[in-house]
Amino acid sequence: MPQTIAQLREEILRLTREYSARAHRANRPADQATAPFEPGVTPVPYAGRVFTDDEVAAAVGATLDFWLTLGPEGAAFERELAAALGVKHSLLVNSGSSANLVAVSALTSPKLPPDRRIRAGDEIITAAAGFPTTVAPIVQAGAIPVFLDSDVLTGNPVTAELEAALKPGKTKAVMFAHTLGNPFDLQAVLAFCQRHQLWLIEDNCDALGSTYSLPAAQAQALGQGVSSPGAAGTEAGRITRYSGTWGDLSTQSFYPPHHLTMGEGGAVNIVSRPPLKTYAESFRDWGRDCWCESGKDNTCGKRFDWRLGELPAGYDHKYVYSHLGFNLKPLDPQAAIGRQQLRRLPAFSAARRRNWHALRAGLADLGEFLEFSRPTHAAGWTPAGFSWDATGARSDPSWFGFMLLVKPGAPFSRTELARHLESRKIGNRMLFGGNLIRQPAFLQLAKDRPGAFRVVGDLAGADAIMNRALFIGTYPGLTESMRQYMVDSVRDFVLRK
C-alpha cells in the first residue's frame, strides 16, 4: 500500500537522522567526547560546528516544506531568540556583518527625532582593535568613526577616553564589540550614553551567552532594573543580564565559528524600544514601509488607503519605500537549524567557560613570557577564581577564544608562536584586524577622504594587540585530550626558548 505524504516525510527524516549519525560523528557532542585523538595528526581547530541529528533533520524538514525564503521557521526562531535573551524583538539577517549594517542604518531613519537621527558627518565612537565590519557600517552610513584605544588584557575599549572622544551635537552613538566574548565595561559606557543621550549598539557577535552584572542600585540608576530570563549567576541585590541586552540595539552572528550556527546568518536584537524594530526591518527588507510578514498582505487593514510621498492616493503599501534599504534575509532552512542550536546554548556556554579555565590553569606558570586576557572588571586570577575591582560590576564571558599576549621581553615573537602552533595542527588566529587604522582599507580611506575617521590618543594598546596577541580555541567541540595537547604545545615552545 503506498505511503501517505506524512508517512513518507517521517521516513525521509528517519533516514536523515541515520545518515547524520553516521556521516557527522566528528560534530556530534556524544561522539566528540570519545573520539580518538592523535597528537600532531588530529587537527585542533580554533572553532568549529557542533551539532546533532536534530539540526540536520530540521534543515531537511524545512527544505521539504520548500518555503525557502524566511518564513515560519524564521518567525519562530526570532521569537525564541528574543525570549531567551529577554529583549523585545530579534530580526534574523544573513550574517553578523549584515546585522551591524542594519543596526547602524536603523539609526539613520528620518522617522527618528531629528536630534537623535544619525546623519552624514555625525560621529559614532568605536574601538580601534577588532573586526572590520563593526566599523564599516559607520563609514557606509556616511558617519565618522571615532577610534578609542583598546586595553591589552580585556581586548575591550579604554572607557576612560570616552569623554575625550565626545563632540557635543555631533556624537550620536557608541558601537563596541564584546571582544572574544568578554563584555566591555557596560557600567561606564551606559553612564556615558545616558549622560549625553547617545545610542548604544552592542556588537554581540562573539559573545552570545556572556553575562554582565551590576549592584541593583547602580543598574536601576542606569535604567537597567531587570535581569535577563535565564541569565546565569543571578545574586540577591544584583542585576544580571546577558551581553547584547543592555544597549538600544545589539547584533549576533551565526557563522560556524560562533556560539550558535545556522551556516551563514545573524540577528539584530531590539532591546527595549519597539519602534526600532520597524526601522531595522525596513532596512533589512528593501527599505519598504510595509510591515506585513512574508505571505501576509494587509496587516494594517488599509493597504490601499495610504498616501505617502508623492505617490498617488491608495498606492499599494507593499510597494512604498521609506528607506534606501537592502535585502539581507536568510533562508527558512537556516532558521530551522538555528532553532535547534539555540536549545544547546546553555551547554555550549558552559563548555566554553570550562575550556577557557582549563587552558588558563594549564599555562598559569608562564607569566614571565605571556600575558593572559581576563574578564572586564577582574583584578586578578588564581586557580580558585577571579578577584574583582572596586566598581561592583562583574562579567562572566562565554569565551569565543583564549587570548595570549607575548610579553615585549620574551625570547620569541607572536608570529613564531603562531607558526609553532600551526605546525602542531593547532588552529590560532590574530585578534581579527588588529589596529584597524593600520589596515589597507583605512589607509586608503584616509587618503581618499581626509577626516573620514578620527582617533583619540596614540592607540598604543591596539598596536600591542596587533603585534603581540593571538587566540586559540575554546569552542564546545574541544575534548580534554585536545585541551591538554594545546597546553603542552604552548609550554613546550615557551620553555625551550
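**Salt bridges, core and helix packing**

In this predicted model, E281 counts as buried because its relative accessibility is 15%, under the 20% limit. Its salt-bridge partner is K277, with the closest N and O atoms 3.1 Å apart. K277 is partly exposed, at a relative accessible area of 23%. Both residues belong to helix α10 (residues 275-284), where they stand 4 residues apart, about one turn of the helix. The pair is also part of a network of salt bridges that links E78, K277, E281, R284 and D285.

D297 pairs with K318, the closest N and O atoms being 3.7 Å apart. Both D297 and K318 are in the loop between α10 and α11, 21 residues apart, and the pair links distant parts of the chain. Here D297 is partly exposed, with a relative accessible area of 41%, whereas K318 is buried at 16%. In the other example, R353 forms a salt bridge with D396, with 3.1 Å between the closest N and O atoms. R353 lies in helix α12 and D396 in strand β13 (residues 394-396), so this bridge ties together parts that are 43 residues apart in sequence. R353 is buried, with a relative accessible area of 16%, and D396 is partly exposed at 31%.

The largest nonpolar core has 50 residues, of which F254 and L370 touch the most other members. Elements that each supply at least two residues of this core include α4 (72-85), α12 (345-362), β14 (401-406) and α16 (480-495). Helix α16 gives the most, with 7 residues. Setting aside residues up to four places away in sequence, F254 touches, among others, F77, L81, L92, L208 and M262. M262 is also in contact with Q334, as are E264 and G265, again leaving aside neighbours within four places in sequence. Q334 is found in helix α11 and counts as buried at 17% relative accessibility.

Two packed helices are described by the angle between their axes and the distance between the axes. For helix α5 (residues 96-106) and helix α6 (residues 132-140), the angle is about 40° and the axes are 9 Å apart. The crossing of α5 past α6 is right-handed. On the α5 side, S97, N100, L101 and V104 meet T133, T134, P137, I138 and Q140 of α6. By class, this contact has 4 nonpolar, 5 polar and no charged residues.

Technical notes. Residues are numbered from 1 along each chain as its sequence is written. This is a predicted model: local features need pLDDT of at least 70, side-chain atom pairs count only at pLDDT 80 or more; totals for chains, interfaces and linings use all residues. Side-chain values use heavy atoms; hydrogens and water are left out. A nonpolar core is a set of buried Ala, Val, Leu, Ile, Met, Phe, Trp, Tyr and Cys residues joined through side-chain atoms within 4.5 Å. Buried means under 20% relative accessible area, exposed over 50%, partly exposed in between (1.4 Å probe, protein chains only). Contact means heavy atoms within 4.5 Å. Axes are lines fitted to C-alpha atoms, for helices over the stretch in contact, and angles run from 0 to 180 degrees between N-to-C directions. A crossing is left-handed if the near helix is turned anticlockwise from the far one by less than a right angle, and right-handed if clockwise. Ala, Val, Leu, Ile, Met, Phe, Trp, Tyr, Cys and Pro count as nonpolar, Asp, Glu, Lys and Arg as charged, and the others, Gly among them, as polar. A salt bridge is a side-chain nitrogen of Lys or Arg within 4 Å of a carboxyl oxygen of Asp or Glu.
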